[in-house]
Amino acid sequence: MDQAVESLLPAREERFGYICHRCSRCCHHKKIQVNPYEVARLARNRGQTTTLFRAEWTVDGAGTVLQQTETGACVFLAPDGCTVHADRPLVCRLYPLGRHIVVGEEEQFSRLEPHPRSEGEYLTEGTIADFLEAQEADLFIQAADDYLQWFDDALNMLAGDLGTAPSTIVAMPTTDQGRLLDMDTAIAAYGASTGGAEPADIEDRKALHLRILYQALSLR
Ligand code: SF4
């Protein structure tokens with residue numbers, strides 16, 4: 001989500017508590033970024049392949065940002081709330097916290113400035129760790145870190161090939177890279193070339209997808 005940061009909270013032991021009263025105001029005018037794992041979770045929730053999901057529900061079919069309606073609402077917001085709640089992305093689980101990660105450094109959290117008419121309720125009890133547990137955020141945090149690590153490794157390898165600094169490379173996926181980042185397409189192509197069966201479990205699929213992505217780096 002792109003939103004004003006109020007203050008940085010350095011650790012999960014930091015005091016924090018929040019109860020969502022489902023006013024849904026935070027589901028408007030937000031850039032909801034998703035990684036391949038989140039796309040896979042949402043696609044499964046919708047009964048679609050990741051390929052179809054990316055094309056139908058993400059901006060420009062790129063698989064990185066959820067679409068909004070004309071009113072600025074998230075495409076998955078219905079009158080009675082989020083229609084993909086069980087598989088909602090990490091940023092939705094964290095709100096009103098932001099999580100900031102740089103590869104090789106400790107995570108940091110920030111309090112995001114709430115919507116002026118938000119009905120959410122801040123608590124004086126609990127910690128960030130408690131909040132993350134209640135939001136079942138762990139698998140999503142792990143996936144975010146794993147894909148960021150791959151992206152960082154890819155940038156560093158590309159920078160080495162080009163003889164430039166990673167920060168000067170603008171990441172713009174080509175069609176082939178886009179297919180590689182589409183989990184179901186990448187796994188199907190891998191299965192076809194190796195003759196192996198596709199795992200059904202989504203965590204196993206994430207692990208295989210990352211193996212495929214790293215293999216692609218080594219073959220570049
Ligand atoms: S995915 Fe669900 S919780 Fe997240 S912005 Fe969309 S409607 Fe809101």
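Trainee: In which helix is the place of isoleucine 187?
Mentor: Helices here are DSSP runs of H or I with at least four residues, numbered from the N terminus. This is a predicted model, where local features need pLDDT of at least 70, side-chain atom pairs count only at pLDDT 80 or more, and totals for chains, interfaces and linings use all residues. Residues are numbered from 1 along each chain as its sequence is written. Isoleucine 187 sits within residues 183–194, which form helix α7.

Trainee: Is isoleucine 187 buried or exposed?
Mentor: A residue is buried if 20 or more other C-beta atoms lie within 10 Å of its own, exposed if 12 or fewer, and partly exposed in between, with C-beta atoms placed from the backbone. Isoleucine 187 has 20 other C-beta atoms within 10 Å, so this residue is buried.

Trainee: Which residues is isoleucine 187 in contact with, leaving aside neighbours within four places in sequence?
Mentor: Contact means that two C-beta atoms, placed from the backbone, lie within 7 Å. By that rule, the partners of isoleucine 187 beyond those neighbours are Glu198, Arg205, Leu208 and His209.

Trainee: How far apart in space are isoleucine 187 and isoleucine 212?
Mentor: In sequence, isoleucine 187 and isoleucine 212 are 25 residues apart. In space, C-alpha to C-alpha, the distance between them is 7.7 Å.

Trainee: What share of the residues in the protein is buried?
Mentor: The protein has 220 residues. Buried ones make up 25%.

Technical notes
Helices (H or I, at least four residues) and strands (E, at least two) are DSSP runs, numbered from the N terminus.
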